[in-house]
Amino acid sequence: MRKGNTPTSSTSPTELATSVASIIPIHNAVNERAWQQILEWEKQAPRSDPGSKKCGGPKLYSFRGLGVDPQFLSPRARINNLMGYQLPFDRHDWVVERCGGERVEYVIDFYQGKTAGANGGPAGLAANAGPGKLSFYLDVRPKLNTFEGCRMRFSRFTGL
């Protein structure tokens, strides 16, 4: 409803319950994929304790869904849109806490993916997506608002 998809007065309670029941597993799968991608980033940092192994791994400290309001578009989403790519359908900012209390902020842009590549290869979240199946692409990365976020992005970009 927050994203403007409100049920009409003709929507029955059964239809609404069915819609919600089918949305929850999709939402959970997308969030799990986002978390797995964050863990991939965290495996590379900090160098002294990659993946925060000492305390059982990084923990989600907080998150905020920002939606599709143009004021909340990430810089990368804006640049990609200027180059002709689609805008994300959602954005989240997640804060991860490492061992010792260090916090790293991540931005996640959510894009609708293609059902399957022209060559039949996987695309987005649904690797075996076919006609009528959903597929998502997540762009997960540390924010560039701290030295650590810049260091992590630079390290991945350069392959160091």
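Me: How many salt bridges does the structure hold?

Reply: Side chains of opposite charge can pair when their charged atoms come close. Here, the structure holds 12 salt bridges, each being a side-chain nitrogen of Lys or Arg within 4 Å of a carboxyl oxygen of Asp or Glu. This is a predicted model, in which local features need pLDDT of at least 70, side-chain atom pairs count only at pLDDT 80 or more, and totals for chains, interfaces and linings use all residues. Residues are numbered from 1 along each chain as its sequence is written, and side-chain values use heavy atoms, with hydrogens and water left out.

Me: Which residue forms a salt bridge with D109?

Reply: That is R141, with the closest N and O atoms 2.9 Å apart. R141 lies in strand 4 and D109 in strand 3, so the pair ties together parts that are 32 residues apart in sequence. Strands here are DSSP runs (E, at least two residues), numbered from the N terminus. Both residues, R141 and D109, are buried, meaning under 20% relative accessible area with a 1.4 Å probe, protein chains only. R141 also meets D139 in a salt bridge (3.3 Å, N to O).

Me: In what order do the strands form the sheet?

Reply: Strands of a sheet pair through backbone hydrogen bonds, either parallel or antiparallel. In this model four strands form an open sheet in the order 1-2-3-4, with antiparallel pairing; two strands pair if DSSP finds at least two bridges between them. The edge strands are strand 1 (59-65) and strand 4 (136-142).

Notes: Buried means under 20% relative accessible area, exposed over 50%, partly exposed in between (1.4 Å probe, protein chains only).
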